[in-house]
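Here are my notes on the model, as promised. Have a look at the structure first, then go through the points.

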Amino acid sequence: MELYLDTAKIEEIEEGVELGVISGVTTNPSLLAKANPSAPIEHLKKICSIVKGPVSAEVVSTNFKDMISEGLKIAKIAENIVVKIPITEDGLKATKVLSRENIAVNMTLIFSESQAILASLVGAAYISPFIGRLDDISYDGMNLVKSISEILNITNSKSKIIAASVRHPLHVVQAAKAGAHIATVPFKTIKQLAQNPLTDIGLEKFLKDSKGISIVN
Ligand code: G3P
């Protein structure tokens, strides 16, 4: 499973890429607003230059025609940009048109298997079920990822699952087991993935035991 960063903050993306574990970025209108860019298109261009892999940028239009023209503008930002479109009837129609033009679409705000099936049928390159927001209302978000993974396998779909709305390290591990191709993860959670108190205790003991003896010096 690949890891993407779920942020629009340049400094977080630079640090995440430097860690060597990030192969893409997802943004949404809320995340973009939080990063507070003076020029959104330039900001997204910069993100696309920092990360080699796919960078999702979401349309804010809600009707079919405007979604298409916004999607086409977003698609011009960079080669690795992915147009993010919410799963609505207009969103499905727009995804079908953009996918036919070989524009990669990430269908977002997926909360059910039926929505995932439709997203796959219109040719979405990525399907983003929101785990945390389902957990928030007492539904098992991870169960949805597992179920979508089974369906996409049975139907031989080319769409990739991006486990989104990830809130903590366990979500990442569970998403990998559930069959997600990608988990998009907040910066804080990426850092938490590496942490373990036993590692800290172990390292402290090794350094203390070494009594300053170094193999190379
Ligand atoms: O990118 C969409 C998604 O990851 C949002 O997460 O935490 O706002 O539910 P959250």
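1. Strands here are DSSP runs of E with at least two residues, while helices are runs of H or I with at least four, both numbered from the N terminus. On that basis Val82 falls in strand S4, residues 81-86.

2. Some ground rules. This is a predicted model, so local features need pLDDT of at least 70 and side-chain atom pairs count only at pLDDT 80 or more, while totals for chains, interfaces and linings use all residues. Residues are numbered from 1 along each chain as its sequence is written, and side-chain values use heavy atoms, with hydrogens and water left out.

3. Is Val82 buried or exposed? Val82 counts as buried because its relative accessibility is 3% (buried is under 20%, exposed over 50%, partly exposed in between, with a 1.4 Å probe and protein chains only). Its C-alpha atom is 13 Å from that of Val51, 31 residues away along the chain.

4. Now the ligand. Its surroundings are Asp6, Asn28, Lys84, Phe130, Arg133, Ala164, Ser165 and Arg167 (a residue is near if one of its heavy atoms lies within 4 Å). By class, that shell has 4 charged, 2 polar and 2 nonpolar residues.

5. For Arg133, a polar side-chain atom is 2.7 Å from a ligand oxygen (the polar-contact cut-off is a pair of N or O atoms within 3.5 Å). The protein buries 82% of the 310 Å² that the ligand exposes when taken alone (Shrake-Rupley method, 1.4 Å probe).

Note on methods: A polar contact is a pair of N or O atoms within 3.5 Å; within protein, one must be able to donate a hydrogen and the other to accept it, and residues adjacent in sequence count only if both atoms are side-chain atoms. Ala, Val, Leu, Ile, Met, Phe, Trp, Tyr, Cys and Pro count as nonpolar, Asp, Glu, Lys and Arg as charged, and the others, Gly among them, as polar.
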